[in-house]
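Q: Hi! I'm new to this one and would like a friendly walk through it. Could you show it to me?

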Amino acid sequence: MSTFYVTTPIYYPNGEPHAGTAYTTIAADVLARYHRLKGDEVFFLTGVDEHAANVYDAAKDMGLSPQAYCDKMAPAFIKLWERLNISHDIFFRTTSDLHKRGAQKFLNVLYDNGDVYKGKYEGYYCPSCEEFITEKELTDEKICPDHQLPLQWLEEENYFFRLSKYQDRLLTHIHEHPDFVYPPARRNELLNFLESGLQDVSISRASLPWGIPFPFDPEHIIYIWIEALSNYMTALGYEIESEQYQTFWPADVHMMGKDIARFHALLWPAMLMSANLPLPKQIVAHGWLTKDGEALSKTRGIFIDMDMDITTYGVDAFRYYLLREFSFGNDGDYRPTRLHARYNADLANDLGNLLNRVLGLVNKNFEAIPAPTTPGEFDDEIKEMAQATVDKLDEHIKAFAFDAALETIWEFVRRINRYIQQTQVWTLAKPETKPRMGTVLYNSLEALRLISVLISPFIPETAEKIQKQIGLSEFDTTAEWGRLPADLTVSRGEPIFPRVDTKHQKQAQPKKTAKPKQQKKTTDLVSFADFQKLDLRVARVLTAEPIEGADRLLKLQVDLGTEKRQVVAGIAEHYTPETLVGKQVIIVANLEPATIRNVESHGMILAGSGDAVVLATLETEMPLGTQVK
Ligand code: MSP
């Protein structure tokens with residue numbers, strides 16, 4: 001069996017976890033879940049980096065000992081990971097004895113191999129980065145370029161690690177392993193940094209009150225980054241070379257934000273080279289999240305209100321949005337209005353409605369899931385697309401392209417929505433076409449089962465809900481077509497993404513563009529400005545019924561997202577009321593109200609009108625109320 005070891009950074013517990021840390025952890029969780037799905041033996045580590053100066057300071061501010069403070073903070077992280085459905089195998093703390101002993105052993109190995117020596121260090125230090133700032137980065141103001149906080153001047157006798165000795169080996173390694181650092185832009189940045197020359201690094205701090213003592217000089221504390229990086233091995237049982245350590249080291253993926261890639265891609269591998277240990281296979285650095293275009297900042301009060309958004313939309317919508325919206329290596333701007341739009345369009349409309357519609361038709365027409373006895377047009381195409389989706393997904397996950405991975409799955413979701421339309425399955429209930437109806441519904445449910453498997457690493461709660469509603473008692477993880485038993489009893493189907501009406505909804509509507517200048521009229525043409533006066537909107541038919549004494553008319557109730565309307569439409573000769581319910585249509589929303597055969601009509605439904613009458617609709621469903629231009 002293949003193994004897969006993935007890690008997040010261990011986070012400083014000097015404050016509550018925030019959306020940036022959640023982002024890294026969710027991405028690592030997707031990888032862990034995906035590899036479990038593929039049958040790999042997975043180990044997923046996350047945890048806290050407790051010996052930081054900022055932790056010591058935060059404890060002092062609270063009047064607690066650093067250890068008591070850490071004991072108080074660790075549960076905040078565990079609680080958030082539970083809420084976000086993180087499937088880690090270990091929550092590791094660097095104040096654990098396992099870590100302390102392992103970190104000391106690691107340092108002894110570096111020392112025994114001749115790569116640790118004593119020297120004098122002086123320079124500007126950023127306590128937030130826990131790093132000396134290089135000459136190149138130093139400004140006249142002596143401010144940390146990342147944190148914008150004043151630097152401290154430090155002078156001390158320190159132990160040093162011979163990082164410079166590994167410069168050439170690091171260069172060779174990165175050149176020979178093009179996938180070692182992801183994304184390529186980060187790799188190039190690191191290569192440039194390496195080529196400009198590496199200096200030895202100070203790895204001890206004299207007589208600090210908080211940290212792990214040097215094994216061979218207890219007056220010194222191990223520099224936090226050295227001990228922190230070693231957590232990836234100490235957590236596995238490096239100290240006693242446990243079976244777990246031998247199974248999982250080296251790590252497959254160290255996942256992190258871009259700011260700490262250098263520690264992981266240069267310092268950590270150099271130490272491992274010194275200790276003659278294998279290097280992690282990939283260092284994956286994502287971009288930073290901003291909020292409405294601004295960097296997150298505690299001091300300036302710019303933060304992402306995860307709690308509110310998860311409470312409003314649910315944890316899966318939050319996970320989905322983070323991974324679908326941003327390209328993983330780049331910075332991404334978090335906007336609640338976009339989360340709202342994705343919730344409505346991708347989750348509630350594309351996926352949620354598909355499930356509801358198919359379950360509704362099965363319930364109405366069959367006792368249990370029908371057997372696929374009657375193949376027909378489009379079936380082979382659907383099956384081929386299912387396999388192609390599985391294959392493409394694998395490629396995207398290997399490239400950490402989570403957004404493309406989700407888009408690939410959603411192309412399949414939308415294809416199944418189209419399959420329902422193309423086969424007009426709701427019209428097939430007559431005895432002679434019922435076997436075909438059963439087959440189309442079976443195929444749609446099997447597609448939904450497969451979709452639930454593919455989405456399970458990203459939105460695991462939803463995946464389970466879908467399989468339960470289909471009637472599977474245990475989660476079936478097979479990503480292959482044709483597994484669905486034909487006799488399951490499906491449930492009534494609660495909406496998996498119920499409508500959310502929030503203040504965001506208004507903002508999520510496309511903004512009206514400024515009116516262009518009036519153009520000169522010619523006889524048969526309307527001006528753009530006149531056309532702009534039409535308010536065309538996406539709506540859904542809620543109910544439809546005949547109007548007494550008017551054979552051509554139907555009375556419809558439609559939902560425009562923000563309001564419901566009654567509309568009269570002259571389509572009764574072409575559509576039966578049942579086939580209209582649930583359909584998305586385009587309506588002229590600002591037409592003067594009219595009374596037709598004593599029935600009020602507040603809008604008009606668009607349709608192609610010739611020998612036949614065919615309702616106008618969008619190629620794929622969109623949020624209700626979307627403007628059509
Ligand atoms: N303790 C070190 C890591 C040691 S690993 C051996 C550390 N901790 S941290 O708590 O400051 O940050 C952890 C992670 O959060 C980093 O990957 C960082 O990139 C990420 N983020 C912090 N702010 C972020 C955003 N605004 N957006 C995305 N990720 C962000 O560094």
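This is a predicted model: local features need pLDDT of at least 70, side-chain atom pairs count only at pLDDT 80 or more; totals for chains, interfaces and linings use all residues.

Q: Thanks! How many residues of helix 12 are buried?
A: 10 of the 11 residues in helix 12 (residues 315–325) are buried, so the rest of the structure largely encloses it. Helices (H or I, at least four residues) and strands (E, at least two) are DSSP runs, numbered from the N terminus.

Q: And which ones are the buried residues of helix 12?
A: They are V315, D316, A317, F318, R319, Y320, Y321, L322, L323 and R324.

Q: Switching to the ligand: which residues around it come nearest?
A: There are 22 residues around the ligand, and I10, D49, G257, D259 and L289 come nearest. A residue counts as near if one of its heavy atoms lies within 4 Å of the molecule or strand in question.

Q: What lies 2.8 Å from a nitrogen atom of the ligand?
A: That's a backbone N or O atom of I10. For L289, a backbone N or O atom is 2.9 Å from a nitrogen atom of the ligand. Y12 has a backbone N or O atom 3.1 Å from an oxygen atom of the ligand. The ligand exposes 670 Å² when taken alone, and the protein buries 92% of that. Those areas come from the Shrake-Rupley method with a 1.4 Å probe; for residues, only the protein chains shown count as cover.

Q: Which helices and strands each supply at least two residues of that shell?
A: Strand 1 (3–11), helix 1 (19–37), helix 7 (224–229) and strand 12 (253–257) do.

Q: Is strand 1 largely enclosed or open?
A: Largely enclosed by the rest of the structure, because 8 of its 9 residues are buried. Strand 1 runs parallel to strand 2 (residues 41–48), and 7 bridges join them. Two strands pair if DSSP finds at least two bridges between them.

Q: What about the open sheet of 3 strands, what order are they in?
A: The order is 15-14-16, with mixed pairing. Strand 15 (294–295) and strand 16 (332–334) are at the edges with a single partner strand each, so one side of each has no neighbour in the sheet. Strand 14 (residues 289–291) pairs with strand 16 in the parallel sense over 3 bridges. L289, which is among the residues nearest the ligand, stands opposite G332 in strand 16.

Q: New topic: is H220 buried or exposed?
A: Buried, with a relative accessible area of 5%. H220 lies in strand 11 (residues 217–222).

Q: What does its side chain make a polar contact with?
A: The side chain of H220 makes one with the side chain of S204, at 3.0 Å. A polar contact is a pair of N or O atoms within 3.5 Å; within protein, one must be able to donate a hydrogen and the other to accept it, and residues adjacent in sequence count only if both atoms are side-chain atoms.

Q: Last one: where is E480 found?
A: E480 is in the loop between helix 17 (460–470) and helix 18 (504–508). At 48% relative accessibility, E480 counts as partly exposed.

Methods:
Residues are numbered from 1 along each chain as its sequence is written. Side-chain values use heavy atoms; hydrogens and water are left out. Buried means under 20% relative accessible area, exposed over 50%, partly exposed in between (1.4 Å probe, protein chains only).
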